Amino acid sequence: MDVNINGAFNKGGEVFTSEIVDGNIEYIPLESGKDYLLGGSSQVFATDIYIIAIAKKQIYLFDRQTGKFLREIGHYGNDPGGYKKVGQAFSFDQERNLVYTSGWDPKSYCRYNLTGEYGDKVTAWSIDKEEDMMNNVFGEIITSIAPLNDTSFVGYVWNINGKQEAKLIVFNENNHRIKIFPQYKRFDYDINRDGISVFSWNAKYYQLDHQLHFFERFTDTVFSVSMDTLQPKFVLHRGGNENISATDLPSNQGEVPYFLIENIFESSRFLFFKVKKWSKDFSGDFYYGFYDKATQSTRISQNMAGIDNDVDAFLPFMFQSVNQQNELVGLCEAYEVKLWFDGNPVKAGKLPAHLQKLKNLEENDNPVVMIVRLKE
C-alpha cells in the first residue's frame, strides 16, 4: 500500500479528528506528585484498566478511569533490577503487558511487568568479526529488540557504516540465531568526512493482531515480521530522495527535502504517523497524519499541535499509540491545557463541565491523556 505523505502535506486542507474516531474523547488528567512527575518527551499507552506513562528514566502506572498514580515500574539505576533507559524503538509489549528497557550492558534489555517487578533480562549478543577488532564502532551493533512470540525476539542491527550484512536477527532466549534478514541498503561512509549521526532510534516496532511490524529510519518501507519472512506492507512516499541515509544530513546546507518519520503505528483501519519537516539549521516542525486503508487516502494535519479536534472543540489530538481495544491514545501537557484556556475564553465557556475542570491544572502538573475509540 502506498502512503503519499509528501503529496498529502502539499495538498493542504484541514484534517479533523471526526474523520477517524467513533464516539467521545476521554480526558484523564494524570495525578501529580513530586515523586512521580513525568519528564519531557513522554510516551503513553493504555490498556482497559491502566495508563502506562514513560519518559527516558521513568515508568509510571496510573488508573485508566481516574488517573490516580498507582506505582512506579522498575527503577533507573545501575543496580540489580535497575535499568539505564526506556526503549524508544519498542517500549510496551501490549500482548504480554511488559515494558522494555535498555540495561547497562549494551547487549542487554530488561523487561518489567505491570506489578512493577523486574521480569527478566534478554541478551542479544553481536558477532565480533576479525576485521572489526581494530575499530569496534563498525562492528555488528544490535540497538533494539522486540518479541516475535513468547520465546523468540528480533534484533535490529544498526547500519552505521553502510556496510552491515544483517538488517534483523531472529534469536531465542538461549541467544541461538534462528534467522538473519540481510541488509541491502549500502552507502559510502567516511567517519572523518561524515562524523556519526545518532538518533533516539534507528528502528521502530509495533504490534497489530499478534503480528510484529518493523520500520527502519531512512528507508521507505514498513514490514511485517515473522520467524521466516519479512514482508513489505506500506511504502511511505516522503519526498526528495527517499533512499537517503543519515550521512547525507550533515552535508545538506538548506532544507532537507523529505519528511523524517518520528513515530509510526497501526490500527485495524489506519496507519498513523508523526513526521518532521526539516528546515535550515536542522530545525523543523512536527506534523500528524494517517493513512486510511478503507479509502486508500493519506491525510496530514497542517496543525503542528495535532489533529484539529471537532469532536468537542477542544485541544488538538496529539496521538501517541493505539491499544488492543482499537482506541487511539494521545497526550497534552498541562501547560498546553492552561494556555488553551487562557487563549480561548469564549470556547472554554461552552465546554461541558467535565472539561471545564481541566482549567484548574497547574502548568507543571502531569499531562492529560486523551483516549477515543477509532472507526473500524
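**View 1. F153 sits in strand β15 of this predicted model**. The strand spans residues 152–157. Strands here are DSSP runs of E with at least two residues, helices are runs of H or I with at least four, and both are numbered from the N terminus. F153 counts as buried because its relative accessibility is 0%. Buried means under 20% relative accessible area, exposed means over 50%, and partly exposed lies in between (1.4 Å probe, protein chains only). Leaving aside neighbours within four places in sequence, F153 is in contact with several residues, among them Y100, R111, V122, I169 and F171. Contact means heavy atoms within 4.5 Å. F153 and D93 are 60 residues apart in sequence and 12 Å apart in space, C-alpha to C-alpha.

The model is predicted, so local features need pLDDT of at least 70, side-chain atom pairs count only at pLDDT 80 or more, and totals for chains, interfaces and linings use all residues. Residues are numbered from 1 along each chain as its sequence is written, and side-chain values use heavy atoms, with hydrogens and water left out.

**View 2. Helix α4 has a buried side and an exposed side**. The helix covers residues 334–343. A334, V337, W340 and F341 are buried. They share one side of α4 because they cover an arc of only 120° around the axis. The arc is that of the directions from the helix axis to the C-beta atoms. On the other side, L339, D342 and G343 are exposed. The buried residues pack against β27 (327–332), α5 (345–349), α6 (353–356) and β28 (368–373).

**View 3. E333 is buried without a salt bridge**. E333 lies in the loop between β27 and α4. The nearest side chain of opposite charge, K274, is 9.8 Å away. Lys and Arg count as positive, Asp and Glu as negative; His and the chain ends are not counted. A salt bridge is a side-chain nitrogen of Lys or Arg within 4 Å of a carboxyl oxygen of Asp or Glu. Not counting residues up to four places away in sequence, E333 touches S42 and P367.

**View 4. K167 and E216 meet in a salt bridge**. The N to O distance is 2.6 Å. The pair links distant parts of the chain: K167 is in strand β16 (residues 166–172), E216 is in strand β19, and they are 49 residues apart. K167 is buried because its relative accessible area is 9%. E216 is buried too, with a relative accessible area of 2%.

**View 5. R373 and E376 also form a salt bridge**. Their side chains meet at 3.0 Å, N to O. R373 counts as partly exposed, at 37% relative accessibility. E376 counts as exposed, at 59%. The whole structure has 14 salt bridges. Elsewhere, E26, R64 and E327 are linked in a network of them.

**View 6. N97 and F218 each have a positive phi**. Most residues other than glycine have a negative phi. N97 is not a glycine, yet its phi is about 55°. N97 lies in the loop between β10 (92–93) and β11 (98–102). At 32% relative accessibility, N97 counts as partly exposed. Phi of F218 is near 70°. F218 is in the loop between β19 (211–216) and β20 (221–225). At 6% relative accessibility, F218 counts as buried.
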